Amino acid sequence: MKFLIMAGGKGTRLWPVSRKQKPKQFQKLISDKTMLQETIGRILPFFSAKDIYISTNEIYVEEVKKEAPELPLNNIISEPAFRETTSSIALAAAIFNNEDKDGIMVIFPSDHYVKQVDELLKILKQTKVFLEKHPDYLITIGAKPTSAETGYGYIQRMEKKIFQSEEDESLNFYQVEKFIEKPDLKTAEEYVLQDNFFWNTGIFIWKTSAIIDRFKKFLPNTYNRLCKIKDSINTVQFKNVLNKEYHLMDMISIDYGIMEKDDKTVVVSVDIGWSDIGNWSVLKDLLTNVSDVNCVKGEHFDIGSKNLLVYGSKKLITTVGLKDLIIVDTDDVIMICDKNNTQQVKKIIEELENKGKIKLL
């Protein structure tokens with residue numbers, strides 16, 4: 001297995017801590033390690049460092065080197081432009097396929113949280129067994145919803161079971177019915193009550209040859225550019241070819257571009273304690289999901305407030321009689337937001353960009 005940790009995103013919904021120059025994957029949100037280091041730490045004790053790759057934008061390469069000194073320098077894949085996940089995966093597939101045409105490729109987001117690492121490893125072990133019998137299939141890991149999150153993607157499975165693990169009968173691989181991107185609250189509440197809907201974790205497993213075949217079938221433009229990049233690997237032309245072709249790949253997520261179109265996609269689910277940490281509300285609930293309890297990072301003095309996330313820097317933050325708020329203080333920005341409206345933080349980014357306040361992004 002080769003692991004691709006995608007670490008090129010901007011993490012705008014966790015602004016103002018997550019900034020373009022240092023987005024959330026490079027922030028210490030849940031421990032004394034960054035989210036990228038947390039992700040590497042789930043894999044490294046059980047797999048070789050030479051099989052772990054990090055794909056990131058070229059402006060973050062030095063940060064990745066600093067945070068992941070245990071990985072070979074050649075395992076840092078530098079992306080010459082900000083693109084969608086399809087481009088990142090296509091570039092990595094070209095590199096992996098050049099080394100092992102029939103190898104297994106595991107995709108991990110760099111900024112997600114997984115509590116039950118042992119359960120994740122159990123799934124990874126069984127996906128290898130599954131792909132030995134079904135090499136043409138694409139696998140996605142689903143997480144059973146515990147709340148009605150409107151910022152997550154969802155997966156609906158069919159009743160058709162493709163495979164059941166002999167070692168653990170709770171591990172069942174089901175044909176995917178469809179992918180649903182960020183439903184409204186009422187729909188998300190209905191999904192939580194049903195046993196055939198899962199959160200889309202963004203963790204994918206497949207044969208490298210299988211995903212390249214899907215690029216050829218569904219995204220021929222990206223496939224053709226992938227092939228040109230692959231042919232230039234280990235030549236003096238590689239950097240020039242990469243810079244030219246990468247910018248011209250399809251600007252689309254892997255979910256839209258391939259996964260939801262394919263009829264050989266399966267979902268396997270077990271409780272891995274997964275969270276996207278896609279906004280401040282999710283982070284608060286992860287750190288303490290007790291509604292009356294305040295979660296504080298920094299210096300804070302309060303009288304009678306409930307359910308606050310106070311994420312401070314160097315200043316004392318005082319609150320009186322507040323409820324359900326997110327308060328984030330950095331050196332140059334103070335953000336105050338209703339806990340139930342944190343998805344709208346992204347609109348602040350858009351407004352700042354429109355007003356030319358680039359230094360605050």
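**Entry 1: the second largest cavity.** I started with its lining, which has 6 nonpolar, 3 polar and 1 charged residues by class. For the classes, I counted Ala, Val, Leu, Ile, Met, Phe, Trp, Tyr, Cys and Pro as nonpolar, Asp, Glu, Lys and Arg as charged, and the others, Gly among them, as polar. The model is predicted, so I noted the rules: local features need pLDDT of at least 70, side-chain atom pairs count only at pLDDT 80 or more, and totals for chains, interfaces and linings use all residues. Residues are numbered from 1 along each chain as its sequence is written, and side-chain values use heavy atoms, with hydrogens and water left out.

Which residues line the second largest cavity? I listed T39, R42, F108, P109, H112, V114, L120, T201, I203 and W274. Helix 1, strand 4 (104-109) and strand 9 each give two or more residues to this lining. Helices (H or I, at least four residues) and strands (E, at least two) are DSSP runs, numbered from the N terminus. The volume of the second largest cavity is about 50 Å³.

On a 1 Å grid over the protein atoms alone, a cavity is a set of points where a 1.4 Å probe fits but cannot get out. A pocket is an open set with protein on both sides within 12 Å along at least five of seven lines. Lining residues have an atom within 4 Å of a point. Grid points are joined across faces, edges and corners, and a volume is the space filled by probe spheres set on the points.

**Entry 2: the largest cavity.** How many cavities of 30 Å³ or more does the structure hold? I found 2. The largest cavity has a volume of about 60 Å³. Its lining is made of G153, Y154, F179, I180, E181, N200, D255, Y256 and E260. Strand 7 (153-164), strand 8 and helix 9 each give two or more residues to that lining. Strand 8 has the largest share, 3 residues. By class, I noted 4 nonpolar, 2 polar and 3 charged residues in the lining of the largest cavity.

Entry 3: Next I looked at the open spaces. The largest pocket has a volume of about 1300 Å³. I found 41 residues lining the largest pocket, and G9, R13, E84, T85 and D111 lie nearest its centre. Strand 2 (52-57), helix 3 (85-99), strand 9 (197-207) and helix 9 (254-257) each give two or more residues to this lining. Strand 9 gives the most, with 4 residues. The classes are 11 nonpolar, 18 polar and 12 charged.

The second largest pocket holds about 710 Å³ of space. It is lined by 29 residues, and K144, T146, W199, G273 and W274 lie nearest its centre. Its lining has 13 nonpolar, 9 polar and 7 charged residues. W274 also lines the second largest cavity.

**Entry 4: helix 3 and its neighbours.** How do the axes of helix 3 and helix 7 (residues 220-232) cross? I read an angle of roughly 40°, with the axes coming within 9 Å. That makes helix 3 oblique to helix 7. Axes are lines fitted to C-alpha atoms, for helices over the stretch in contact, and angles run from 0 to 180 degrees between N-to-C directions. Angles under 35 degrees count as roughly parallel, over 145 as roughly antiparallel, 65 to 115 as roughly perpendicular and the rest as oblique.

The crossing of helix 3 and helix 7 is right-handed. A crossing is left-handed if the near helix is turned anticlockwise from the far one by less than a right angle, and right-handed if clockwise. T86, A90, L91, A94, N97 and N98 in helix 3 meet T222, L226, I229 and K230 in helix 7. Contact means heavy atoms within 4.5 Å.

I then turned to helix 6 (residues 208-218), where the axes come within 10 Å of each other and cross at roughly 130° with helix 3. Helix 3 is therefore oblique to helix 6. This crossing is left-handed. The contact divides into 7 nonpolar, 4 polar and no charged residues.

**Entry 5: the backbone.** Most residues other than glycine have a negative phi, and most peptide bonds are trans. A cis peptide bond joins W15 and P16, with omega about 10°. P16 sits in the loop between strand 1 (2-6) and helix 1 (35-43). N234 has a positive phi, near 70°. I located N234 in the loop between helix 7 and helix 8 (238-246).
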